[in-house]
Amino acid sequence: MFLPTLLPAHHQHVDTIISSVPLHRRTTRSLQLHMEAMMNFTSQYTVEEALAIENEFSRLKEKCYLDHAGTTLYADSQIRSVCEGLAQNLYCNPHTSRTTEDLLDQVRYRVLRHFNTRSSEYSLIFTSGTTASLKLLAESFEFAPEGAFVYLKDSHTSVLGMREIVGTERIYPVEREQLLKELDSSERSDNEHSSLIVFPAQCNFNGVKYPLELVRKIQRDGISGYGKERFRVCLDAASFVSTSFLDLSKYQPDFVCLSFYKIFGYPTGLGALLVHHTAADQLRKKYYGGGTVKIAMAGRNFHVKRDHLVERFEDGTLAFTSIIALLQGFETLERLVPSTAGLRTIERISQQTFHLGRYCYQRLKALKHSNGNTVVKLYHDTGFEDQGLQGGIVNFNLLHEDGTYVGFAEVSYMASLHNILLRTGCFCNPGACQRHLQLSDEDVLKQFDAGHVCGDANDLIDGQPTGSVRISFGYMTRKGDIDCLIEMIEKCYIRKTLTNGFTRTQIVSKYKSHDQPRLKMICLFPIKSCGAFKVTTRWPLSRRGLKHDREFVIVDENGVALTQKKLTEMCLIRPQINLKTNEMTLSHPSMADFVLELDLLGESQRIKLCQTKVCQDNVQVIDCGDQVAEWISVALQTSGLRLLKQSDEEVRTFQQSKQEIALANQAQFLLINQASVRWLADKVPDWDELHEEPTLESLVDRFRGNLIVETPVSMEECDWKRVTIGYLEFAVDGPCSRCQMICIDQGTGVKTTEPLRTIGREFKGKMRFGIYLSHVNPLRDGSEQWLYCNSVIEGRSE
């Protein structure tokens, strides 16, 4: 995270005017636009406050965190204070200890005071979060026989889920425009039938705020078209209260749902349902748990619930240590952002995050391609003119210079390469996503039929986005974080031309080959995610693929498999296999070689590898011993690492396939075509991070293929269904989906933006390159087959 340049402390506010984007990279016009937008940002913090906040989040290092709508971050001192409290105090079960019970009441009082109300007005029921609060309300709200459940269409999925369990069949969505019109409606209802409406105080999709005057208006007059309903109002405040002040003395919804991690970052799994005293009788609870009854008989179906609302609704033992930790959350916020000039802490945070959002919005809006086309399509209902109508969230998609969309999955990849953490998808708000992306119900169903589901990386279908990119701000966000995002977009997506007027594609000559397709090289990776062992002669096959390919894996002290995504330096460990001596030699630039016998000693202990995100399943492995573990730990400068070897008895397959695989992600073999890599290199407009263009060999290495081939026509492997290499036949299992691993130079471990950016652009957001193969006639024990380099390759599309 960047600390922006600050003005001297004699100025009450901090004006930040230094951008992280190098000036020599900007045109005069872009510089002018940049400065105009930048000068619109004024920090609400003093120099001392900014430095104190920066010190609380030093763990971010170079990372730019822009997903505060997902969860904000906890401060270092906040967690230290929580741990000290746990270490120094004895917190008993509140059903046992009156002291703990009294402390929980103090927390309730503190929470209610934060919202400018008190226990005589609202009861606070602790839950596991907003979702649990909404579910509890849906289960217990007592509708009149003709009552209706109405919800804003642009609501969180957790609100939509209420439809399945509410006690009425009259369920209706309301559009945003219709809800806003209620402020001007003169229609009055007869207030006969108890009904419920749910809408958010702030949309988690793009941060637009809904006027809270709607609460009293609907309570008093009902909703147009619902003549006899008396509506209770439930306010989904989860997104709003994270950075805005909810004044419950001024606006008094019947029910308020919220999560505390949105405000403090810690604890997670804790929220609340606030119930106004006038609405308490509207709730009827069926289930009862420990502590919620006056009497319960085991032999007879008889019980009597407690009188007080909170005591009836908080089943079992509360998460009392987490609840107590809220006190440190409040203390930390008020210490780091103290109230000043009549503004509460949360009101100052609201001002800061709004100005950050407006600054970001202006910067994004000003970006243009060289042909004048816009770079960013913003999805907003306001232009960040009014803090009362807009929170600190910016939602958008990126556009290529021809106006086509950049997939959000690609943007997420690019952001991660630049140490930017942001959110992509539809953010559990299908209604707002559908409205802003202008998708009909038929479009949504079509995308589902095409394979898109919530949370996947299927970001473009027929060129249309299935989601978007969201960035959001917290009290610790700095202007430099936004500048880092803008710099990434400028570098990755605003296409540049060379100074002589020619594009790079016109300048770089293309290699052509008129020979038959041939196998040029065999590469195996004995240790998963480490360097390649390259073979230019021949190599034997096994029942799992290439013999010894991905046979070993490095795990951390928790048993989790490591990859270059976490430690790029893994590529510097280069194993070599000697088939004659049955040994593997490990080399590293800063280490003496280490020789490991491939037939491990009987002393080695068999362990079970826990499920990892790499392999997605449990694998039976053998520990290779302390000596090699120490060598690897020193080489990678990470303590506690172990080298594990897949057991020969292990039978592992990918999904429904019958073909055995080693510790590879998906298939026995990965084929990479040098001609296709050369074609891709010609499409890369600029290797920003490198002093000179990488060689073809180094680019091929990035794709970590087993079978390196050369064909006369680039990309022709994409049409193959069957492949014959020499006399061996292989089936094509499908394309290889790429991730940021291909942006790691396998010779140095240095990360670059390319070639992933160009793959996403050229293939319309589909991050695919290379094809997976499996051996059609798997080997049986004792049989032997070899692959020979320079063998002729025949690819068939039938």
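Axes are taken here as lines fitted to C-alpha atoms, for helices over the stretch in contact, with angles running from 0 to 180 degrees between N-to-C directions. In this predicted model, the axes of helix H13, which spans residues 408-417, and helix H16, which spans residues 479-493, come within 10 Å and cross at roughly 115°. The crossing of H13 and H16 is right-handed, and the contact is formed by Glu410, Val411, Met414 and Ala415 on the side of H13 and by Met488, Cys492 and Tyr493 on the side of H16.

In soluble globular proteins, nonpolar side chains tend to be buried together. In the present model, the largest nonpolar core comprises 74 residues, of which Phe199, Leu246, Phe260, Leu274 and Tyr475 touch the most other members. The element that gives the most to this core is helix H11 (residues 320-336), with seven residues. At least three residues of the core are drawn from each of domain 1 (82-282 + 317-332) and domain 2 (346-493). For Tyr475, when residues up to four places away in sequence are not counted, the contacts are Tyr45, Ile53, Phe57, Ala75, Thr332, Leu333, Leu336, Val337, Ile349 and Thr353. A second, separate core contains 61 residues, among them Leu422, Ala667, Ile672 and Cys736.

Cys428 is listed by UniProt, in an unreviewed entry, under "active site". In the model this cysteine is placed in the loop between strand S14 (423-425) and helix H14 (430-436). Because its relative accessibility is 40%, cysteine 428 counts as partly exposed, a class that lies between the limits of under 20% for buried and over 50% for exposed. Apart from residues up to four places away in sequence, cysteine 428 touches Ser155, His156 and Thr157.

Proline 735 belongs to strand S32, which covers residues 728-737. With a relative accessibility of 41%, proline 735 therefore also counts as partly exposed. When residues up to four places away in sequence are left aside, proline 735 touches Arg768, Gly770, Ile771 and Tyr772.

Several details of the backbone were also examined. Most residues other than glycine have a negative phi, and most peptide bonds are trans. The peptide bond from tyrosine 266 to proline 267, however, is cis, with omega near 0°, and proline 267 is located in the loop between helix H9 (261-264) and strand S8 (271-276). Glutamate 754 and proline 755 are likewise joined by a cis peptide bond, for which omega is about 5°; proline 755 is found in the loop between S32 and helix H21 (756-762).

A positive phi of about 55° is found at glutamine 438, although this residue is not a glycine. Glutamine 438 lies in the loop between H14 and helix H15 (441-449), and counts as exposed because its relative accessibility is 69%. Histidine 548, which is not a glycine either, has a positive phi of about 70°. This histidine is placed in the loop between strand S21 (545-546) and strand S22 (552-555), and, because its relative accessible area is 10%, histidine 548 is buried.

Methods:
Residues are numbered from 1 along each chain as its sequence is written. This is a predicted model: local features need pLDDT of at least 70, side-chain atom pairs count only at pLDDT 80 or more; totals for chains, interfaces and linings use all residues. Side-chain values use heavy atoms; hydrogens and water are left out. A nonpolar core is a set of buried Ala, Val, Leu, Ile, Met, Phe, Trp, Tyr and Cys residues joined through side-chain atoms within 4.5 Å. Buried means under 20% relative accessible area, exposed over 50%, partly exposed in between (1.4 Å probe, protein chains only). Helices (H or I, at least four residues) and strands (E, at least two) are DSSP runs, numbered from the N terminus. Domain bounds come from an automatic or database domain assignment. Contact means heavy atoms within 4.5 Å. UniProt positions are given in the numbering used here, feature names are shortened, and annotations may be inferred rather than shown by experiment. A crossing is left-handed if the near helix is turned anticlockwise from the far one by less than a right angle, and right-handed if clockwise.
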